[in-house]
Amino acid sequence: MIKMKENKKLCTLCKRIVNGNNTISLPNFIQNKKDDLYILNEAVIHVDCIPNFGHKDKLHYILGEMKKNTAPKDQQCIVDGTFSENFDDMLSLGLLSSNPSEDIYMYNFLNIKKSNISLWDNQERFVRILKELKTSNSWLSDSSFNLIDYLISVFDITTINNLTD
Ligand SMILES: [Zn+2]
């Protein structure tokens, strides 16, 4: 039996040891187990292995987006175009899908102030897409925290309004 030393990490793509040179460490960036990039959550990979990866175009896309969109100072509200001084008010959706043919894809890396949700002209459409995704077979949450349920609860303000009518 081969026993791995605990400090040796393996590249998720080639299963060989990574030694820190020319490697990328990925964060927990996708909560959907059915996404093509889910296997790369919290993975370490060799840069040289990317060209051989079957979903390399999707990976290049998210690496590019994560680079330009993660710092709080770069998060610009889609409704009023302002940057938030109150980070608790800014919702940054991150990656929702790596699949361009899914409706939710256009909302990847969206930043919006919670206080502006009711003013967002895409709010109803976004909630409809979330609800469709929830009942489809294309989303499987990776933990007890279900991102789709959470987003519906935050964005579905019409439900709240209807209750008070
Ligand atoms: Zn590798």
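Visitor: Which residues have the most contacts inside the largest nonpolar core?
Guide: This is a predicted model. Its largest nonpolar core has 19 residues. Those with the most contacts inside this core are Leu 37, Leu 40, Ile 62, Leu 95, Ile 129, Leu 130 and Leu 133.

Visitor: Which element gives the most to this core?
Guide: The elements that give two or more residues to the core are α1, α2 (123-135) and α3 (147-155). The most, four residues, come from α2.

Visitor: What does Ile 62 touch, not counting residues up to four places away in sequence?
Guide: Ile 62 is among the core residues with the most contacts inside the core. With residues up to four places away in sequence left out, Ile 62 touches Phe 29, Leu 37, Leu 95 and Ser 98.

Visitor: Are α2 and α3 roughly parallel or roughly antiparallel?
Guide: The two helices pack with their axes 10 Å apart, at an angle of about 150°. Angles over 145 degrees count as roughly antiparallel. The pair α2 and α3 is therefore roughly antiparallel.

Visitor: How many nonpolar residues has the contact of α2 with α3?
Guide: On the α2 side the contact includes Phe 126, Val 127 and Leu 130, and α3 brings Ile 148, Leu 151, Ile 152 and Phe 155. By class, one residue is polar, two are charged and the nonpolar ones number eight.

Conventions: Residues are numbered from 1 along each chain as its sequence is written. This is a predicted model: local features need pLDDT of at least 70, side-chain atom pairs count only at pLDDT 80 or more; totals for chains, interfaces and linings use all residues. A nonpolar core is a set of buried Ala, Val, Leu, Ile, Met, Phe, Trp, Tyr and Cys residues joined through C-beta atoms within 7 Å. A residue is buried if 20 or more other C-beta atoms lie within 10 Å of its own, exposed if 12 or fewer, and partly exposed in between; C-beta atoms are placed from the backbone. Two residues are in contact if their C-beta atoms, placed from the backbone, lie within 7 Å. Axes are lines fitted to C-alpha atoms, for helices over the stretch in contact, and angles run from 0 to 180 degrees between N-to-C directions. Angles under 35 degrees count as roughly parallel, over 145 as roughly antiparallel, 65 to 115 as roughly perpendicular and the rest as oblique. Ala, Val, Leu, Ile, Met, Phe, Trp, Tyr, Cys and Pro count as nonpolar, Asp, Glu, Lys and Arg as charged, and the others, Gly among them, as polar.
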